[in-house]
Every structure is written in structure tokens, then in C-alpha cells.
Amino acid sequence: MVLASAAAARADFVPGGEGTGSETQVSGGQHQEVISATAGAVVFDRSRNGSGNSTGPVAAATHWRPPACYYAPKYTPEQLERTLEPIWAAESTGYQWDAEQRAKYVEGHPYKDFNKDKAGEGYWWDSYVTPGREGDPGALDCTEDIFWVGTDDDPPADVPQAITPEVLAQLAYAEIRVPATEVDLAPENTTKVNLPTWAWLDGATFKPVSVTASVPLLGIQATTTAEPVSVRIDPGTADAETYPASGVCELRDGGIGEPYAKGRADETPPCGAKYLRSSGDGSYRLRATVTWKVHWTGTGVDEERSLPDGVFGGEQDVVVQEIQAVNR
């Protein structure tokens, strides 16, 4: 926390460049339709992600969440010196803390003179807060002091948030955006009591999306991919039946459910609902939640590895009317 408040924030910072490091820096750009964004030492390629105003983030179907903070390269030896010396000179952090830090990074316990003799052979690693998670209690979990990692060395095994291809995959998970879920219905918007209502999703809209996260300084990357596998239909009332009975419609032949065709009104739809009671003067809020299978691959990984399934849904109004009989 002391470093975050004392160090000057520079959006153009990279280890080995000019200036000092910042707790979390974010910049972005678009070049030849390849959308990228930089957060700290991590670069995100979103060119194969979902886009548009109707997209949103997938939420893990379990209590798992991507890390709220992580460790990655932040300083060269000279940059760390320019960051810490002003803090010590201000004497705002107390003599004992300043003395301990100076002993650690300057006087050889265990580092000497900020490791200037190893310039170009590694970087000082420090914590970053994952963009969008600044107020998350988990953002305070990265409490390790700044530490050195050689260019050819792995980060310490006892620091679980140290950046690796797997951590990159988890950070990319948080960047995944998928389209909002509004199913096609037949009858559309207004249906009748006890009349099967067909529901389906266009397979062209619900296609796999992916985000690649990389740390160019380390030459590592990971690509996280989300693929739609099913949609759960919630009719918005207990006075309804779903097709199938579980309410879960699986992806088949590139789509979910089947588009309604004339003459099939009396058939049981492969995906849909049947309302047993009128919605009166109002409507029911039908909710369709798509489940996305998420997996990743990256540097040093031969086969796809799984991450928790993600879900994202949307709601739409359905008016249900009684069937009017005509007496003659």
C-alpha cells in the first residue's frame, strides 16, 4: 500500500523503459482490427472475443473467480532504486521499516545495490491488481515484498499468484465477453395457455470466443476459449412445463433447439415451454441462461486444460393468454 501511494503512476511504463512502475496501468488500442489492451505487464488480445453492446462477462458456475491480484515483472534495478529511494528519504514509513528495506535491497540481506550487477538478467517482480477488481478484498491478498526473478528462472513456487501460463489463462477468463441470451420463440412474444412454445438459439450467433493473455517480457502466453454447450430455460413461473423436463437444451448441430416450422404446432418442441396459466394483464419474465464450456492452452501446455464452466443469461417478456372459445 505504501508503494502504491508513493510511486508515480505512468501509463507508458514497462520494465526496462523510462519512469517508475504503477500499481495497475491500463492502456489499449486497435491496429488492423486486432484489439489489444495492456494491464501492468500483461497484454490481452481480444480480437476473437465477443463484441457489441449486448455482450457481457461470463460468471463461473461455481464460487471460483480469477485472481484479483498477481505478481509480474515491474522494475529493472534502476527503476526500483528510483521508486524506493524517495520513499525512504521522505521518512514517512518509519525508521525501522526503512532500515529493514534498505538492508534487504541495498545492503546484501539478501540483495545488494538493487541487483544492479544483474541488470538485463532479470526483473524485480511486484503485485498488480486485476483491472476491475480494485475494490475486491482479494486485491489485498498479494502481500509479498518485491522479489527478484532471473530471466531463466521460474517464479517462486510458494507464491501462488506469480504469473504463469495458468494464471494468464485465468486472467483471460475474466476478459471473455459473450452475447446476451435472448432466444427466438414461436409463437413470438405472445403465446396461449397449454400451447407448446418453441425456443431456439442461432448457432451463428452463439459461437466460441477466446482471449489471449501474454507477458512479452517473459515470452509466455495463454489462450482461454469459451464454447456454448447448452441453455437453461426458466419460464418465469411455476405454472409451466419445460421441454425437456430439466429445462436444459443441449447444443446440437451448431444450434440449440430447432426453429419452429409451419404445421408443427401440436408437436413437442425439443426446446421450449408450455404455460399452464395466463399471465393476466402482465407478462412472465422468461430467462435463458447459456452455459459456456471454458478451456485453455498456452506456453508449455500440450493439451487443452479445463477451467470452470461459465454462465451468462438474459430475460424477455412473454405474454400468455387464455384460448378464447366461440359459442354458437
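**Figure 1. Buried residues of helix 2 in the predicted model.** In this predicted model, the residues of helix 2 that count as buried are Pro-77, Gln-79, Leu-80, Thr-83, Leu-84, Ile-87 and Trp-88. An α-helix has 3.6 residues a turn, so residues three or four places apart point the same way. Helix 2 is followed by Glu-91, a residue whose phi is positive, near 55°.

Figure 2. Strands of a sheet pair through backbone hydrogen bonds, either parallel or antiparallel.

**Figure 3. Strand 6 and its pairing with strand 7.** Strand 6 and strand 7 (residues 122–129) run antiparallel and are joined by six bridges. Within this pairing, Tyr-71 stands opposite Ser-127 of strand 7, while the bridge partner of Ala-72 in strand 7 is Asp-126. Strand 6 is mostly covered, with seven of its seven residues counted as buried. In a regular strand the side chains alternate between the two faces of the sheet.

**Figure 4. The disulfide between Cys-69 and Cys-142.** Cys-69 is joined to Cys-142 by a disulfide, with a distance of 2.1 Å from S to S. The link of Cys-69 and Cys-142 is right-handed, with 90° about the S-S bond. Because Cys-69 lies in strand 6 and Cys-142 in the loop between strand 7 and strand 8, the pair ties together parts that are 73 residues apart in sequence. Cys-69 counts as buried because its relative accessibility is 3%, and Cys-142 likewise counts as buried, at 11% relative accessibility.

**Figure 5. The disulfide between Cys-249 and Cys-271.** A disulfide also joins Cys-249 to Cys-271, and here the S to S distance is 2.1 Å. The link of Cys-249 and Cys-271 is right-handed, with 85° about the S-S bond. This pair links distant parts of the chain, 22 residues apart, with Cys-249 in strand 16 (residues 248–252) and Cys-271 in the loop between strand 17 (255–256) and strand 18 (272–275). Cys-249 is buried, with a relative accessible area of 3%, and Cys-271 counts as buried at 2% relative accessibility. The count for the protein comes to two disulfides, and when the bonded cysteines are numbered in sequence order the pairing is 1-2, 3-4.

**Figure 6. The enclosed helix 4.** Helix 4 spans residues 165–175, and nine of its 11 residues are buried, so this helix is largely enclosed by the rest of the structure. The buried residues in helix 4 are Pro-165, Val-167, Leu-168, Ala-169, Gln-170, Leu-171, Ala-172, Tyr-173 and Glu-175.

**Figure 7. The surroundings of Thr-223.** Thr-223 lies in strand 14, which covers residues 220–234, and at 14% relative accessibility Thr-223 counts as buried because the cut-off for a buried residue is under 20%. The side chain of Thr-223 makes a polar contact with the side chain of Thr-212, at 2.7 Å. When the neighbours within four places in sequence are left aside, Thr-223 is in contact with Arg-48, Ser-210, Val-211, Thr-212, His-295, Trp-296 and Thr-297.

**Figure 8. The protein as a setting for the close-up views.** The protein contains four helices and 20 strands, and of its 328 residues, 46% count as buried. Among the contacts between residues at least 6 apart in sequence, 72% join residues that are at least 24 apart.

Conventions. Residues numbered from 1 in each chain as written. Predicted model: local features only at pLDDT ≥ 70, side-chain atom pairs only at ≥ 80, totals over all residues. Heavy atoms only, no water. Buried < 20%, exposed > 50% of the residue type's maximum accessible area, 1.4 Å probe, protein only. Helix = DSSP H or I, 4+ residues; strand = E, 2+ residues; numbered from the N terminus. Pairing = 2+ DSSP bridges. Disulfide = S-S within 2.5 Å. Polar contact = N/O pair within 3.5 Å; in protein donor to acceptor, adjacent residues only side chain to side chain. Contact = heavy atoms within 4.5 Å.
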